[in-house]
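I opened my notebook to look up a few things in this structure.

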Amino acid sequence: MSETDFERRLSAAIREEMPPLRAPEELRQRVRAAINNAATPKRWAWEGRPFPTRWLALAASLALVALGATAGWQVAARRAAGGALADEVLASHVRSLMPGHLTDVLSSDQHTVKPWFNGKVDFSPPVSDFAANGYPLIGGRLDYVAGRPIAALVYGRRKHLINVLLWPAAGSSAVRMETRQGYHMLHWTAAGYTYWVVSDLGVAELQELTQLVRSAGS
Amino acid sequence: MESSELERFEAMVLPHLDAAYTLARYLTGNTQDAQDIVQDASLRALKYFGGFRGTEPAAGRAWLLAIVRNTVRTWRERRHFESADTTFDEEQHSEGIAADDPAVKLDRKETRARLREALAQLPDEFREVIVLRDVQELSYKEISEVIGAPEGTVMSRLHRARQRLQRMLARGDRAGERVI
């Protein structure tokens, strides 16, 4: 049944009158809370409690990681440097959280995500799954940042999403941090790529993922 | 539920909360009810997720939307909610074929107001296919999964829904000032 011209115009008018909606943040939180409550304990129950031992263990291990890495990372809140780029990266992250924008290829399999970029960007991005470390690969997508098509890899961490944006670049630089509107961004250049890691997660976890990406990429 | 299963649920189903909310909102006409329904539907989805075998992200969407649709229906029954047309019947609502009607100026402000009114008055069975197709841009196959009816039914119901809207708009245009 082919659509008439009128039907096409009608469809467009309907979509304008009844646009696709975004679920209110309150609803997202309610659903997540309800799901956490409904899920069986074991791995998930501890997340809701204030300070169970696992948190302490995690905090301790992260503190060690942070301590050991301070020299290499030189994490400092530098707003000035790379300011416009940071804004672009943040825009990419926020856009990715809008309906239907997160992933173009949804797969936790790095061997599916990596080849997906073939022919879409003019480089072959290193893709790793860090599920074993608590950062499962969710998928990838194309984006446009810094005046060029780039690869975005999406990782999960508990209920949070992390975007890892990367594109080819020469040279190397230490890890730096930018903060915008409550989002932390860690970025560096190494092994032929510039990386930006962005999320609403705390700095410690972003550093942990950063460390994983850096070890995998070298 | 195993944590890996929970992660699969979060990856396959939770990304479609917006679609779920959009459908619930346009079927109920009310933001608060829509939120309650989506929350309820998400929990039902979690409960029945073990039986869901889809792997494609789009399959998660159709699956969740089907649960939202059923939740809306249950919720209506529970509240004795009178939908716009509770005695829907395929035959009764079959309409004669309306020709393409260029006289209906869809960009006129008055026509848009009537379109809103006409959409609000559509029987649920028509409005849901309009929302799924025109607003959420699902394929006929996906819609057929959501509403549990064959694709042929989806197509004919969609066609009649549009005819009905068209007639309501055309009637209004002719009753008001002449627009041709």
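**Entry 1: chain B, contacts**

I began with contacts in chain B between residues at least 6 apart in sequence, and found that 74% of these join residues at least 24 apart. I noted that this is a predicted model. I then asked what share of the 180 residues in chain B is buried. I got 39%.

**Entry 2: chain B, elements**

How many helices and strands does chain B have? I counted 8 helices and 0 strands. Read from the N terminus on, the elements of chain B run α-α-α-α-α-α-α-α.

**Entry 3: confidence**

I looked up the pLDDT of chain B next. The average is 80, and 79% of the residues score at least 70. Where does the pLDDT of chain B fall below 50? One such stretch is residues 91-99, which has 9 contacts in the model beyond near neighbours in sequence. Another is residues 176-180, with 5 contacts beyond near neighbours in sequence.

**Entry 4: helix H7 of chain B**

I picked helix H7 of chain B, residues 140-147. Is H7(B) largely enclosed or open? I found 6 of its 8 residues buried, so H7(B) is largely enclosed by the rest of the structure. The buried residues are B:Glu142, B:Ile143, B:Ser144, B:Glu145, B:Val146 and B:Ile147. I then checked what comes after the helix. H7(B) is followed by B:Gly148, which has a positive phi, near 65°.

From B:Ile147 I went to B:Asn70. These two residues are 77 apart in sequence, yet their C-alpha atoms are 8.6 Å apart in space. B:Asn70 sits in helix H4 of chain B, which spans residues 57-78. Is B:Asn70 buried or partly exposed? I found 15 other C-beta atoms within 10 Å, so B:Asn70 is partly exposed. The cut-off for buried is 20 or more.

**Entry 5: chain A, overview**

I turned to chain A. This chain has 6 helices and 7 strands. From the N terminus on, I read its elements as α-α-α-α-β-α-β-β-β-β-β-β-α. Of the 218 residues in chain A, 30% are buried. I repeated the contact question here: among contacts between residues at least 6 apart in sequence, 57% join residues at least 24 apart.

**Entry 6: the sheet of chain A**

In what order do the strands of chain A lie? I traced E1-E2-E3-E4-E7-E6-E5, an open sheet of 7 strands with antiparallel pairing. E1 (105-106) and E5 (173-180) stand at the edges. Each has a single partner strand, so one side of each is left without a neighbour in the sheet. I also noted that in a regular strand the side chains alternate between the two faces of the sheet.

I followed E5(A) to its partner. E5(A) pairs with E6(A), residues 183-190, in the antiparallel sense over 6 bridges. I looked for individual partners in E6(A). A:Ser173 has A:Thr189 as its bridge partner there, and A:Thr179 stands opposite A:His184. The hairpin has 2 residues between the strands. A:Gln181 takes a positive phi near 45° in this hairpin.

**Entry 7: where the chains meet**

How many residues of chain A are in contact with chain B? I found 35, in contact with 37 residues of chain B. H1 and H2 (25-38) of chain A each supply at least two residues of the side that touches chain B. H1(A) gives the largest share, 10 residues. By class, that side of chain A divides into 22 nonpolar, 3 polar and 10 charged residues.

I ended on one helix pair. H1 of chain A (residues 5-17) packs with H5 of chain B (residues 109-121) at about 80°, with the axes 10 Å apart. That makes H1(A) roughly perpendicular to H5(B). From H1(A), the contact is made by A:Ala13, A:Ile14 and A:Glu17. From H5(B), it is made by B:Arg112, B:Leu115, B:Arg116 and B:Leu119. I sorted the residues of this contact by class: 4 nonpolar, no polar and 3 charged.

Note on methods: Residues numbered from 1 in each chain as written. Chains lettered and ligands numbered in written order. Axes fitted to C-alpha atoms, helices over the stretch in contact; angles between N-to-C directions. Helix = DSSP H or I, 4+ residues; strand = E, 2+ residues; numbered from the N terminus. Parallel < 35°, antiparallel > 145°, perpendicular 65-115°, else oblique. Contact = placed C-beta atoms within 7 Å. Nonpolar A, V, L, I, M, F, W, Y, C, P; charged D, E, K, R; others polar. pLDDT = per-residue confidence, 0-100. Buried ≥ 20, exposed ≤ 12 C-beta atoms within 10 Å, placed from the backbone. Pairing = 2+ DSSP bridges.
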